[in-house]
Amino acid sequence: MHSRNERRVMGMDERELKTFSLNVENGSVLVNGEEIKKVTAFTLVFENGKYGLSVTRDEFFKAKVRDI
């Protein structure tokens, strides 16, 4: 179940945007007061009187291969 500030869009959680902060000196990105790590790109738009933010970030996966 999603909170009233979240909804599902195209299989992903969409949350309410309250604040966005970019610190170019140390490379930190904060959304709603929470740091988002490993950000590789973001898009901030203003359309029809509303702001929208999309964040792209790296996530790494590993698998150990068994000896055959």
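Mentor: Two strands pair if DSSP finds at least two bridges between them, and strands themselves are DSSP runs (E, at least two residues), numbered from the N terminus. Keep in mind that this is a predicted model, where local features need pLDDT of at least 70, side-chain atom pairs count only at pLDDT 80 or more, and totals for chains, interfaces and linings use all residues. Residues are numbered from 1 along each chain as its sequence is written, and side-chain values use heavy atoms, with hydrogens and water left out.

Trainee: How do you know that β3 and β4 pair?

Mentor: Four bridges join these antiparallel strands, and the rule asks for at least two. Ser21, for instance, sits opposite Leu30 in β4.

Trainee: What makes β3 and β5 edge strands?

Mentor: The open antiparallel sheet runs β3-β4-β5. β3 (20-23) and β5 (34-36) each have a single partner strand, so one side of each lacks a neighbour in the sheet.

Trainee: Why is Ser28 called buried?

Mentor: Buried means under 20% relative accessible area, exposed over 50%, and partly exposed in between (1.4 Å probe, protein chains only). Ser28, in strand β4 (residues 28-31), has 11%, so it counts as buried.

Trainee: Why is the Glu35 and Lys37 pair called a salt bridge?

Mentor: You need a side-chain nitrogen of Lys or Arg within 4 Å of a carboxyl oxygen of Asp or Glu. Here the N to O distance is 3.5 Å, so the pair qualifies. A search of the whole structure finds one salt bridge.

Trainee: And what are those two residues, buried or exposed?

Mentor: Glu35 has 47% relative accessibility, so it's partly exposed; Lys37 has 53%, so that one is exposed.
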